[in-house]
Amino acid sequence: MRVAAALRRCGARARCRQRTYAAATEGDVRASVSRLLDNRNALGLLFLLPAGALLLLFLTYPLGLGVWLGFTDTKIGRGGAWVGLENYEFLFGDAVARLSLFNTLFYTVVASVIKFALGLWLALLLNKHVPFKTVVRAVVLLPFIVPTALSAIAFWWIYDAQFSVISWTLTELGLIDRYIDFLGDPWNARLSTIAANIWRGVPFVAICLLAGLQTISPSYYEAASLDGATPWQQFRYVTLPLLTPIIAVVMTFSVLFTFTDFQLIYVLTRGGPLNATHLMATLSFQRAIPGGALGEGAALAVSMVPFLLAAILFSYFGLQRRAWQQGGAD
Amino acid sequence: MAKQTDDQVVDTQGMNYLVSLPRRVVTVYAPLAVFLFVLLFPFYWMGITTFKPNEELLSREGNPFWVVNPTLAHIKKLLFDTSYPDWLWNTMLVAVVSTFLSLVCSVLAAYAIERLRFRGSRYVGMSVFLAYLVPPSILFIPLAKVVFELGIFDTRLALILTYPTFLIPFCTWLLMGYFRSIPFELEECALIDGASRWQILTRIVLPLAVPGLISAGIFAFTLSWNEFIYALTFISSSEVKTVPVGVITELVEGDVYHWGALMAGALLGSLPVAILYSFFVEYYVAGMTGAVKE
């Protein structure tokens with residue numbers, strides 16, 4: 001840094017001199033260096049141009065357009081007029097929209113809590129000395145990398161009302177006498193979709209937390225066990241505090257993905273039975289694309305934002321506040 | 001960083017000799033086996049269903065966990081009677097092009113933000129992170145309007161241009177972290193030797209950031225291979241659909257579910273990413289955890 005600053009200073013001096021004297025070769029180099037350094041605003045702008053143009057056109061502009069659409073009655077193939085808060089008033093009074101809000105919150109809370117618990121457990125297991133460690137770790141992540149829409153089809157078949165392999169096994173074991181209607185009953189459907197979401201999300205949480213676990217120095221555990229700490233105490237007073245910052249980030253992402261989930265529900269139930277599994281994302285798709293009511297769909301999508309922000313802030317600050325426990329600054 | 005953690009992994013086992021074998025079986029191996037079984041079972045089920053003849057699929061007799069008369073009929077139907085090969089090709093094309101496009105944009109942007117340090121670069125860096133948090137399910141409706149007005153509705157170009165909206169923020173964020181780890185001194189030496197910024201980027205920074213580029217590329221590729229909601233919204237003609245959307249919308253006809261063909265479609269659509277992933281596991285994990293850790 002200091003070198004660069006010094007360079008810049010002599011560069012500037014060299015350039016002044018250059019105007020009066022014929023430039024020496026050495027001065028030339030310095031001058032060109034300084035010109036480049038001075039130009040870094042222009043150069044930065046140039047380098048940012050491709051990414052900036054794409055993001056402005058396909059991210060920032062649509063984001064604003066979405067908010068605007070939410071205040072209009074736009075339909076597919078017909079421009080809309082400004083209707084103020086009408087869409088939001090309608091959605092507020094709409095039983096299906098309120099149900100979808102409940103479903104989304106239920107889905108997010110239950111799935112995230114279980115994903116966190118199982119993911120942390122799996123991470124702790126993977127951090128132990130097990131045979132074929134690298135293979136096991138690679139295999140664990142498979143549910144996360146495979147297209148969700150495609151693995152959801154496998155779950156669809158597993159949850160089939162007539163030929164479900166789960167029902168078959170349970171019947172053979174004599175635990176049930178009738179096949180379970182996994183996706184036909186409202187509460188069964190909610191829990192089944194949550195189970196599929198957990199299946200997909202646990203590997204992500206586990207592998208990220210494992211990366212965090214591996215940065216914890218083993219000497220802490222040695223010191224703790226020499227002081228007579230039980231495994232539970234080691235986990236509670238060494239692992240957990242040191243892991244908190246990474247838990248905060250991982251869970252923020254996990255909540256974000258779960259809250260805005262679309263594929264899984266769309267493939268498994270399309271929001272049915274009786275709208276029992278409609279999330280806000282699937283309902284806004286349903287209203288906007290097949291239903292044609294772009295304005296209403298956009299309003300529904302926009303109303304996810306406050307909840308999303310609240311969820312992010314909660315999981316981020318709720319956990320991040322304990323960063324001091326690391327012994328570092330806040 | 002990676003090296004350091006590897007060393008620590010070996011060391012973590014320091015006190016483990018105190019734990020007896022039966023105890024380890026109950027507390028470690030058994031739960032791990034259950035986890036692995038549950039996580040892998042859907043894939044086994046996909047595979048076994050792909051090779052099952054219809055009589056066995058639609059029968060409650062016999063053991064469903066095994067195939068008696070394996071058949072390739074479902075795969076044959078998929079490859080020759082549907083547009084599945086087209087979907088595979090579309091998915092591949094869209095994923096490769098959008099990944100490449102995003103990588104180019106992200107390298108330039110990340111270098112500018114991290115190293116050129118132009119005025120306001122800190123804010124641009126923050127907004128890249130915020131862009132990373134914008135979920136596609138909020139964007140797809142207005143984006144459909146934009147795509148329609150640009151006249152690229154129902155084309156592959158629509159996907160190639162919209163996928164970078166979630167790829168660029170991610171790749172830029174990841175590459176910023178990699179560029180930060182490259183010492184400033186190297187660039188200063190190059191500057192003194194008269195290299196231009198472009199030469200520094202291509203000859204010094206990029207070769208050093210190859211692992212980061214691979215991580216970002218692999219991750220971006222799988223993300224765009226898995227994308228669903230944009231492809232579902234912006235594409236309506238069968239011949240430009242991607243695999244996930246094609247399988248969901250075209251292989252399901254009315255109330256008759258061709259489970260064999262559906263599972264074959266899911267299996268074949270998952271294989272390319274799974275194979276690619278198996279070659280680059282470490283890079284993939286580094287990409288995923290790197291983005292979270294920053």
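Modeller: Chain B is divided into domain 1 (12-71) and domain 2 (77-293); such bounds come from an automatic or database domain assignment. This is a predicted model, in which local features need pLDDT of at least 70, side-chain atom pairs count only at pLDDT 80 or more, and totals for chains, interfaces and linings use all residues. Residues are numbered from 1 along each chain as its sequence is written, while chains are lettered from A and ligands numbered from 1 in the order in which they are written.

The centres of the two domains of chain B, taken over C-alpha atoms, are 32 Å apart. Where they touch, domain 1 of chain B supplies 7 residues and domain 2 of chain B supplies 6 (contact: C-beta atoms, placed from the backbone, within 7 Å). On the domain 1 side, α2 (21-50) and α3 (54-57) of chain B are the elements giving two or more residues (helices are DSSP runs of H or I, at least four residues; strands are runs of E, at least two; both are numbered from the N terminus). α2(B) gives the most to that side, with 4 residues. By class, the domain 1 side has 2 nonpolar, 4 polar and 1 charged residues (nonpolar: Ala, Val, Leu, Ile, Met, Phe, Trp, Tyr, Cys and Pro; charged: Asp, Glu, Lys and Arg; polar: the others, Gly among them).

Helix α14 (residues 243-250) is mostly covered, with 6 of its 8 residues buried (buried: 20 or more other C-beta atoms within 10 Å of the residue's own; exposed: 12 or fewer; partly exposed: in between). The buried ones are Val243(B), Pro244(B), Val245(B), Gly246(B), Val247(B) and Ile248(B). What do they pack against? In chain B their partners are α5 (84-116), α13 (229-234), β1 (252-253) and α15. Chain A contributes α8 (148-158) and α13 (263-268).

Take α15(B) among these partners. The axes of α14(B) and α15 (residues 259-279) of chain B come within 10 Å and cross at roughly 175° (axes are lines fitted to C-alpha atoms, for helices over the stretch in contact; angles run from 0 to 180 degrees between N-to-C directions). The two helices are therefore roughly antiparallel (under 35 degrees is roughly parallel, over 145 roughly antiparallel, 65 to 115 roughly perpendicular, the rest oblique). On the α14(B) side the contact uses Val243(B), Pro244(B) and Val247(B). They meet Leu262(B), Gly265(B), Ala266(B) and Gly269(B) in α15(B). By class, that contact has 5 nonpolar residues, 2 polar and no charged.

α5(B) is another partner of α14(B). Ala95(B) sits in α5(B). Ala95(B) counts as buried because it has 26 C-beta neighbours inside 10 Å. Beyond its neighbours within four places in sequence, Ala95(B) is in contact with Phe221(B), Ser224(B) and Trp225(B). Ser224(B) is 129 residues from Ala95(B) in sequence but 5.2 Å away in space, C-alpha to C-alpha.

Next, the core. The largest nonpolar core has 165 residues (a set of buried Ala, Val, Leu, Ile, Met, Phe, Trp, Tyr and Cys residues joined through C-beta atoms within 7 Å). Its members with the most contacts inside it are Ile153(A), Ala206(A), Leu209(A), Tyr111(B) and Leu175(B). Tyr111(B) touches Phe47(A), as well as Leu116(B), Phe179(B), Leu201(B) and Val205(B), leaving out residues up to four places away.

The contact between the chains takes 84 residues from chain A and 87 residues from chain B. Helix α3 (residues 40-70) of chain A gives the most to the chain A side, with 19 residues. That side has 65 nonpolar, 16 polar and 3 charged residues.

Chain A itself has 16 helices and 0 strands. Buried residues make up 41% of its 330 residues.

Last, the loop between α13 and α14 (280-288) of chain A, which holds Arg270(A). Leu274(A) is in that loop too. Phi is positive at Arg270(A), near 50°, and at Leu274(A), near 55°. Most residues other than glycine have a negative phi. Arg270(A) counts as partly exposed, with 14 C-beta neighbours inside 10 Å. Leu274(A) is exposed, with 12.

Conventions. Two residues are in contact if their C-beta atoms, placed from the backbone, lie within 7 Å.
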